[in-house]
Amino acid sequence: MSQRAKSAILSCLLLAVVLLAWHVGTLPKGGAAQAVDPEYARLMGLDKPKSDGLPTPAQMGTTIAKQLSDPFYDAGSNDKGIGIQIAYSLSRVALGFVLAALVALPLGFAIGLSPLIHGALDPFIQVLKPISPLAWMPLALYTIKDSTTSSIFVIFVCSVWPMLINTAHGVANVRRDWLNVAKTLEAGTLRTAFQVILPAAAPVILTGMRISMGIAWLVIVAAEMLVGNLGIGYFVWNEWNNLSLSNVIFAILVIGVVGMILDFLFGIAQRAVAYVE
Amino acid sequence: MSLFDNPFNAESSLGCACGRHASAAEHEAAGRDAEALSGQALQTAVVKALFPRDAERRRFLRAVGSNTAMAAIASLFPLGALQAMAQEKGKVEKKDLKVGFIPITCATPLIMSAPLGFYEKQGLNVTLVKTAGWALIRDKVMNKEYDASHLLAPMPLAISLGVGSGALPMNVATIQNSNGQAITLALKHKDNRDPRKWKGMKFAVPFEFSMHNFLLRYYVAEHGIDPDRDIQIRVVPPPEMVANLRAGNIDGYLGPDPFNQRAVYDQVGFIHLLTKELWDGHPCCSLGVRAQWVKDNPNTFAALYRAVLNAAAMAADPGNRSTIANAIAPANYLNQPVPVLEQVLTGKFADGLGNVKNVPDRIGFDPVPWNALGVWILSQMKRWGYLKGDVRYKDIVEQVYLVTDAKKRMKEEGILAPADMPKRIVVMGKPFDAAKADAYVAGFAIKRA
C-alpha cells in the first residue's frame with residue numbers, strides 16, 4: 001500500500017472517531033421529565049424538540065443539506081443564502097487585497113532596492129505591523145464614515161505587511177551574479193527590474209501574498225461580525241443571535257473550505273513561478 | 001436657538017438659547033398646540049431671513065413694538081398660506097430609505113412596518129438594516145449611512161450633547177416602546193434575589209446611554225449598592241447577552257427583550273423582575289433622525305413618521321400581538337422562535353422558576369416622546385457623572401424630543417393622542433417632577449454628581 005493511501009485511510013478513521021465522539025456527546029439526555037405544569041412546558045418550548053443546543057451529527061447533516069440546497073436565496077435585506085454571503089465577503093477581501101498589493105509591491109521593491117528607504121521606513125513598519133487590524137476599526141469608522149469601506153480598509157491593513165516585507169526581502173536577496181550579468185549586458189533599470197529582479201523574487205513575493213490572503217480571510221470574518229450587514233461573518237453573528245449552533249457550525253465549515261480553496265489557488269500560482277537555480 | 005422661539009420677543013435671542021428660558025416657560029404655561037407652534041416656526045424663519053443679525057432685529061422690535069412688527073411682516077409675507085403648505089402631505093423627497101435596527105422587540109413598530117406594509121402605504125421603500133451594536137448604530141447615524149434609526153431613548157440626547165461621541169443635533173420622532181425590559185439572572189442565583197447581597201456580581205447592559213444602564217444603577221443604588229464600586233456593569237450587545245450568561249461571563253443583565261425571555265427559554269436564566277415593576281411606563285427605545293435630515297427631507301420625515309405611528313397604534317392593541325410576533329420573527333428581522341416573541345408581546349410568560357405569569361402590559365407602545373421622560377434621562381446622566389456642571393434640562397430635551405410634532409402627526413392619522421402624559425413618573429415609589437430635576441438628583445444618597 002502506498003504512503004498516500006495509508007494517509008487517506010488514517011484521515012477517514014480520524015474523521016469517523018470525531019463523528020462518533022460527537023454523536024455520543026450529543027445524545028439526548030434521557031433524564032426523566034419532571035412533572036411540570038403543561039402550560040409552563042409549552043411556554044418553555046419543552047413540548048417539542050428544540051433546535052438549539054449542540055446539534056447531533058445527523059441534525060448537522062440536515063442543516064448542511066438545507067443550506068446547500070438553496071445557497072442563493074434572498075429573503076430580504078438581512079436574510080440571504082450562504083452563497084450570496086460568501087460572495088460579499090470574497091468581494092471585500094479581493095478589493096482590500098488588491099489595494100494592498102498595489103501599495104505593497106512597488107513599495108516593497110523600493111525598500112528592497114534601496115537600503116536608504118529601507119532604513120527610513122523600517123521603524124514605521126515595525127510599529128505598524130503588529131497592530132491587530134481590528135483595532136483600526138473604530139478609527140476607520142470615524143474617519144472614513146462608511147462601514148463597508150472601513151471593513152475593506154481593515155483587510156487592506158492586515159494584508160499589506162506580509163506582502164511588503166516579503167517583497168522587500170525577495171528583491172533585496174536576488175543573487176548578485178544575476179544583477180552583475182544584467183549590468184554587463186547593459187540592461188536598463190526598468191528592464192533589470194522586470195526581467196531579472198521580478199522573476200527572481202517572484203516565489204518569495206507570492207509566499208507573502210499567500211500569507212496575506214490567509215490573514216485577510218481570517219480577519220474578514222471578525223470584521224463582519226463587528227460591522228454586520230451581509231457577509232459570512234454577519235451570517236455567523238446573526239445565527240449566534242438566534243443561538244442556532246448548527247448554522248454557526250455550518251458557517252465555520254464553509255469558512256474553512258473557502259479558505260482552503262484560496263490557499264490552494266495561491267499554491268498553484270506559487271508553483272507556476274518557481275524555478276530551479 | 002430653536003425654531004420654536006418667539007421671534008417677536010425683543011428679549012429673546014435668536015442666535016443663542018440664553019434668552020429663551022423665560023419665554024419657553026411662559027409658552028408651556030399657555031399651552032402650545034401643534035398648529036400654533038409650526039406657525040411660529042415659520043414666523044421665526046421669516047423674521048430671521050429679514051434680520052439675520054439679532055441686534056438689528058431687537059432694535060427694530062423695540063422701535064415699532066412687536067404687534068406692529070407682526071402686522072407689518074404679515075402684510076409682506078403670506079404667512080397663512082405658507083403655514084397651510086407646511087401642513088399638507090407633500091411629495092416625499094427621498095423614496096429609498098435605509099433604517100438601522102438592533103434585533104430586539106423594542107423596535108417592533110419600526111420593524112413590523114416593513115412586513116406589514118406600513119412603509120409602502122406611505123410611498124416609502126425602506127431597507128431595514130440589522131446592526132451589530134449600539135456604538136455602531138451611533139456611528140452609522142452620524143456617518144449618514146442611515147437616514148433614520150432605532151436608537152435607545154437616551155442616545156439622541158447624548159449625541160446631541162456630544163457626550164460619548166462628537167456632537168450632532170438629533171431629533172427623536174417617536175418613542176418606540178415603553179416597559180418591555182427585565183433583569184435576568186443566571187439560574188445559579190435562584191436563591192440570591194436580594195440586591196443588597198449582590199456585591200461583586202457582574203452585570204451587562206446594552207449601552208452606556210441606555211435606560212437599561214440608568215434603571216439598573218437606580219435599582220441597585222436604592223438597595224445601597226454603589227453601581228460603580230460594588231458591582232461591575234459592562235456593555236454587551238443584546239444579542240450576545242444570553243451566550244455570555246450561559247458562559248458564566250456575567251451573573252445577570254438588565255436587557256431588552258426577547259433576550260430575557262430567550263434566556264428563560266434556553267434554561268440559562270430566570271426573570272428576576274420586569275422593569276415595569278421599577279417604573280411603569282418608562283421609555284426604552286426611540287426612532288431617531290439627524291436634525292439636518294429632517295430639515296432637508298421634511299415630507300419624507302413626515303411619511304416615515306406616519307408609518308411608524310400607525311404601526312405603533314396597531315401594536316398597542318393586545319389583540320394584534322400574535323400577528324406581530326409572527327411578522328417579526330423571521331431571520332430577516334429578529335431571527336427568534338415565535339413562542340419567545342409571543343411571550344414577550346402578549347405578556348403571558350414563563351419566568352424560568354416554574355411559574356407562568358400574566359402581565360399584559362409587559363411591553364407597551366406609547367409613541368409620544370414626552371419631554372419629562374427626556375428630563376428624567378438627563379437627571380440620571382447628571383447623577384452618574386455623564387453630564388458635568390449645570391444642565392438646562394428642559395432646553396435640551398425640547399430641542400431633541402419632538403413632542404408637538406408627534407401629536408400633530410397622530411392627529412393627522414386619526415390616532416387619539418393624549419393631551420398630557422398618561423402616567424406620572426414614579427420610579428420605585430419615588431415621584432419625579434421634571435421642573436425640579438436638580439433637587440431630584442441632589443436627593444439621592446449614591447451619586448457621582
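Chain A of this predicted model has a secondary structure of 11 helices and 0 strands, where helices (H or I, at least four residues) and strands (E, at least two) are DSSP runs numbered from the N terminus. The radius of gyration of chain A, taken over C-alpha atoms, is 25 Å, well over the 19 Å that the globule rule (2.2 Å times the number of residues to the power 0.38) gives for 277 residues, so chain A is more spread out than a compact globule. Along the principal axes, its C-alpha atoms fill a box of roughly 90 × 60 × 35 Å.

Residues are numbered from 1 along each chain as its sequence is written, while chains are lettered from A and ligands numbered from 1 in the order in which they are written. Local features need pLDDT of at least 70 and side-chain atom pairs count only at pLDDT 80 or more, whereas totals for chains, interfaces and linings use all residues.

Chain B is divided into domain 1 (18–87), domain 2 (96–179 + 283–345 + 362–442) and domain 3 (181–276), with bounds that come from an automatic or database domain assignment. The C-alpha centres of domain 2 and domain 3 of chain B lie 23 Å apart. Their contact, counted where C-beta atoms placed from the backbone lie within 7 Å, takes 30 residues from domain 2 of chain B and 23 residues from domain 3 of chain B. On the side of domain 2 that touches domain 3, helix H9 (154–161), helix H16 (338–346) and helix H17 (371–383) of chain B each supply at least two residues, and H16(B) gives the most, with 4 residues.

Terms used:
Two residues are in contact if their C-beta atoms, placed from the backbone, lie within 7 Å.
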